[in-house]
Amino acid sequence: MLVSQGCKLVGCGSAVPTLKVSNDDLAKIVDTSDEWISVRTGIRNRRVLSGKESLTTLAVEAGRKALQMAQVDPDDVDLVLMCTSTPEDLFGSAPQIQKALGCKSNPLAYDITAACSGFVLGLVSAACHIRGAGFQNVLVIGADALSQYVDWTDRGTCILFGDAAGAVLVQACDSEEDGLFGFDLNSDGDGQRHLNATIKENEMDNALGSNGSVLDFPPKRPSYSCIKMNGKEVFRFAVRSVPQSIESALEKAGLPGSSIDWLLLHQANQRIIDAVATRLEVPPERVISNLANYGNTSAASIPLALDEAVRSGKVKAGHTIAAAGFGAGLTWGSAIVRWR
Amino acid sequence: MANASGFFTPSVPSLRSRIQPPIGIFRSGSRSPEGFSTRVFCSSTTEGADKLASGASSSESRVPRLVSQGCKLVGCGSAVPTLKVSNDDLAKIVDTSDEWISVRTGIRNRRVLSGKESVTTLAVEAARNALQMAQVDPDDVDLVLMCSSTPDDLFGSAPQIQKALGCKRNPLAYDITAACSGFVLGLISAASHIRGAGFQNVLVIGADALSRYVDWTDRGTCILFGDAAGAVLVQACDSEEDGLFGFDLHSDGDGQRHLNAPIKENEMDNTLGSNGSVLDFPPNRSSYSCIQMNGKEVFRFAVRSVPQSIESALAKAGIPGSSIDWLLLHQANQRIIDAVATRLEVPPERVISNLANYGNTSAASIPLALDEAVRSGKVKVGHTIAAAGFGAGVTWGSAILRWG
């Protein structure tokens with residue numbers, strides 16, 4: 001007998017690498033400048049994994065902090081959703097994170113891949129698992145190490161990205177307390193041509209020396225190419241699609257735009273954030289932005305920004321947040337949520 | 001309180017009689033003048049919202065209006081590459097034999113992508129076949145879940161599949177990575193989205209090209225894997241028709257050491273010539289190593305965990321083992337399948353197996369085997385299937401389902 005239950009966001013956490021790379025650092029390796037980068041993107045610094053750091057260690061740290069804030073024991077987590085495009089194992093990173101967190105009841109743990117929209121998708125998926133299948137404590141992690149797929153000789157893209165992890169604990173609750181009011185999620189594969197990192201065969205000797213070229217067998221080991229982006233098209237897409245999506249989510253939630261306490265967008269570019277805020281008539285003081293310090297951290301960007309805003313006292317319990325992700329796929333979407 | 005591992009007979013009896021299914025309205029708020037309004041939770045019809053709103057009374061304004069809906073499996077499809085590689089073919093490139101492979105694994109042939117084929121093209125073909133069987137138009141699909149560990153793009157393959165299928169309403173499409181358990185997870189995720197957020201037509205695809213990550217010089221692993229795609233259309237329905245009776249899903253990251261393909265930095269010159277080694281910046285490009293597996297440990301894990309999981313799912317479904325019409329396991333090794341069937345006392349004629357022809361196709365294996373069993377007339381509408389996946393993570397799990 002499935003009793004209807006709602007869900008709410010009860011804890012958050014984040015983690016960033018220690019190595020800070022400034023615009024001036026980048027100006028030493030590609031033809032760019034601090035002024036150019038900060039004026040056009042709003043980014044001043046980003047963090048990059050180094051040494052013994054890994055995506056897993058960041059995700060675990062973020063997850064741990066979220067559990068602590070939520071006062072939920074790792075043993076009570078029954079689902080770990082790792083939203084990432086850059087796992088450390090072909091088969092996903094979630095189980096390793098689950099192990100490192102010490103979740104002794106072997107909760108299901110798997111990866112969701114949806115680029116920069118991953119975290120918002122992950123939140124909705126968590127809500128669905130709670131409402132539709134009775135899960136109780138779902139840890140949603142957004143973490144990416146795009147620095148590993150950036151072409152560091154391409155000044156058009158290498159200035160944009162950074163590594164990070166963020167996490168939120170979504171918990172079952174009474175239906176009346178449900179904190180996910182509405183959402184709107186979309187994909188359009190036609191836009192993949194504007195933003196992708198496609199698989200390519202590696203140029204290497206066929207170690208078995210078979211008459212391979214005729215037979216095509218055995219196949220060669222592939223790898224993913226670096227990130228390719230048509231910045232102009234992606235910018236246009238974001239500025240056009242995100243306000244529409246948020247308005248649609250608000251409508252489904254039965255909420256007016258004025259009820260938004262905070263606008264929390266995927267942190268890709270300050271100009272996108274400003275344009276969307278203007279379209280939605282959200283004043284600057286209600287817009288969350290931290291990309292100056294971290295750049296575009298893909299699936300981590302929303303929970304990272306949320307965590308800083310919560311721990312700094314900006315976002316308080318009961319506040320309504322319009323969160324929206326957009327990026328490769330193309331995939332985009334928004335969710336109207338209440339914090340706590 | 002709801003059971004996290006899957007009791008699936010939702011009932012909201014007092015509301016059912018006046019709810020027109022299935023419209024995916026989720027909950028009520030209190031923002032209209034009547035003190036009650038229904039929020040349409042996702043992009044389905046709003047006519048039900050009006051009906052509910054007009055039927056509401058203020059005394060019920062605090063009662064959550066979850067229009068419960070169930071889900072059922074209404075179509076399946078599959079696709080395999082054209083290039084067939086036999087055990088004898090493999091014996092030419094590694095030290096093995098047809099006898100060794102078939103006795104120890106049950107595999108005789110496998111298919112491998114070649115030419116213009118890709119995971120995406122296979123997935124699209126499988127999905128198209130599933131939609132045709134389900135008689136669902138691509139435009140009516142509202143979610144595409146691509147279960148794969150081997151996408152054609154770092155950012156996932158689902159959107160490209162959605163585009164190729166011609167889904168004009170831009171339905172959400174994303175990838176789920178859970179190795180050989182991926183498809184079963186995907187089914188549960190589909191069910192959750194339908195029941196928990198009102199989705200209507202969810203396409204779940206399992207597709208992998210492990211041939212790309214196999215070490216073709218390693219006779220321990222290269223004999224096992226093949227490429228394929230399979231798909232199922234999961235559709236919303238009345239709660240009473242719900243066809244997902246119970247499930248049981250787990251992961252144990254400690255087992256990752258027995259089966260993995262970890263990322264490694266590429267040995268390449270740092271083209272920027274910075275004082276890199278001190279700074280560790282910029283990072284070198286990475287790629288995934290080939291599949292490494294401790295076959296013995298993985299075998300033991302599967303034979304131990306899968307029967308337990310199925311029994312747990314049956315218990316949660318409130319169904320006895322004797323009601324299983326078909327045992328449908330991830331097609332990894334015939335010895336695993338036989339051991340699990342024996343433990344569960346399922347007779348051989350009720351065990352679905354096609355790995356002799358395709359090998360271990362990872363997330364594709366279950367929907368591929370299901371599709372062949374349906375189209376051959378074995379699996380009929382109304383049959384109860386115990387499906388179980390197990391593999392890298394380690395992750396494992398099972399679901400008790402009705403076909404159709």
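**Notes on a predicted two-chain model**

1. Let us begin with a helix pair: helix H9 (residues 295–317) of chain B packs against helix H10 (residues 334–343) of chain B at an angle of about 30°, and their axes are 9 Å apart. That angle makes H9(B) roughly parallel to H10(B). When you look at how the two pass each other, the crossing of H9(B) and H10(B) is right-handed. Please keep in mind throughout that this is a predicted model.

2. Which residues bring these two helices into contact? From H9(B) come B:Phe299, B:Ala302, B:Val303, B:Arg304, B:Val306 and B:Pro307. They meet B:Arg335, B:Ile336, B:Ala339, B:Val340 and B:Arg343 in H10(B).

3. The C-alpha atoms of B:Glu297 and B:Gly391 are separated by 11 Å, although the two residues are 94 residues apart along the chain.

4. The axes of helix H5 (residues 119–134) and helix H6 (residues 158–165) of chain B come within 9 Å and cross at roughly 50°. The angle makes H5(B) oblique to H6(B). H5(B) passes H6(B) in a right-handed crossing. On the H5(B) side, the residues in contact are B:Thr120, B:Ala123, B:Val124, B:Ala127, B:Arg128 and B:Leu131. Their partners in H6(B) are B:Gln160, B:Ile161, B:Ala164 and B:Leu165.

5. Now for a strand: is S8 (residues 201–209) of chain B mostly covered or mostly open? It is mostly covered, with nine of its nine residues buried. As a rule, side chains in a regular strand alternate between the two faces of the sheet. In S8(B), B:Asn201, B:Leu203, B:Ile205, B:Ala207 and B:Ala209 point one way. B:Val202, B:Val204, B:Gly206 and B:Asp208 point the other way, and the residues of both sets are all buried.

6. Which strands pair with S8(B), and in what sense? Strand S6 (residues 143–147) of chain B pairs with S8(B) in the parallel sense, over five bridges. There, B:Leu145 stands opposite B:Val204 of S8(B). Strand S9 (residues 227–238) of chain B runs antiparallel to S8(B), and nine bridges join the two. In this second pairing, B:Asp208 stands opposite B:Ala228 of S9(B). Strands of a sheet pair through backbone hydrogen bonds, in either a parallel or an antiparallel way.

7. B:Ser86 counts as buried, because its relative accessibility is 18%, and the cut-off for buried is under 20%. Leaving aside residues up to four places away in sequence, B:Ser86 touches B:Arg108, B:Asn109 and B:Arg110.

8. Stepping back, chain B has 12 helices and 17 strands. Of its 404 residues, 64% count as buried. The accessible surface of chain B comes to about 14,400 Å², and 48% of this belongs to carbon and sulfur atoms. Take the contacts in chain B between residues at least 6 apart in sequence: 76% of them join residues at least 24 apart.

9. Turning to chain A, you will find four strands in an open sheet, in the order S8-S15-S14-S13, with mixed pairing. Strands S8 (180–187) and S13 (262–265) of chain A stand at the edges with a single partner strand each, so one side of each is left without a neighbour in the sheet. Direction ignored, neighbouring strands of this sheet are turned by 10° against each other on average.

10. A:Leu265 has A:Ala324 in S14(A) as its bridge partner. Helix H10 (residues 301–311) of chain A lies across S13 and S14 of chain A, and runs at about 145° to S13(A).

11. One last stop is A:Glu251, in helix H7 (residues 231–253) of chain A. Its relative accessibility is 68%, so A:Glu251 counts as exposed. The C-alpha atoms of A:Glu251 and A:Leu108 are separated by 33 Å, and the two residues are 143 residues apart along the chain.

Definitions and conventions: Residues numbered from 1 in each chain as written. Chains lettered and ligands numbered in written order. Predicted model: local features only at pLDDT ≥ 70, side-chain atom pairs only at ≥ 80, totals over all residues. Heavy atoms only, no water. Pairing = 2+ DSSP bridges. Axes fitted to C-alpha atoms, helices over the stretch in contact; angles between N-to-C directions. Contact = heavy atoms within 4.5 Å. Buried < 20%, exposed > 50% of the residue type's maximum accessible area, 1.4 Å probe, protein only. Areas by Shrake-Rupley, 256 points an atom, 1.4 Å probe, with all protein chains shown as cover. Parallel < 35°, antiparallel > 145°, perpendicular 65-115°, else oblique. Left-handed = near helix turned anticlockwise from the far one by under 90°.
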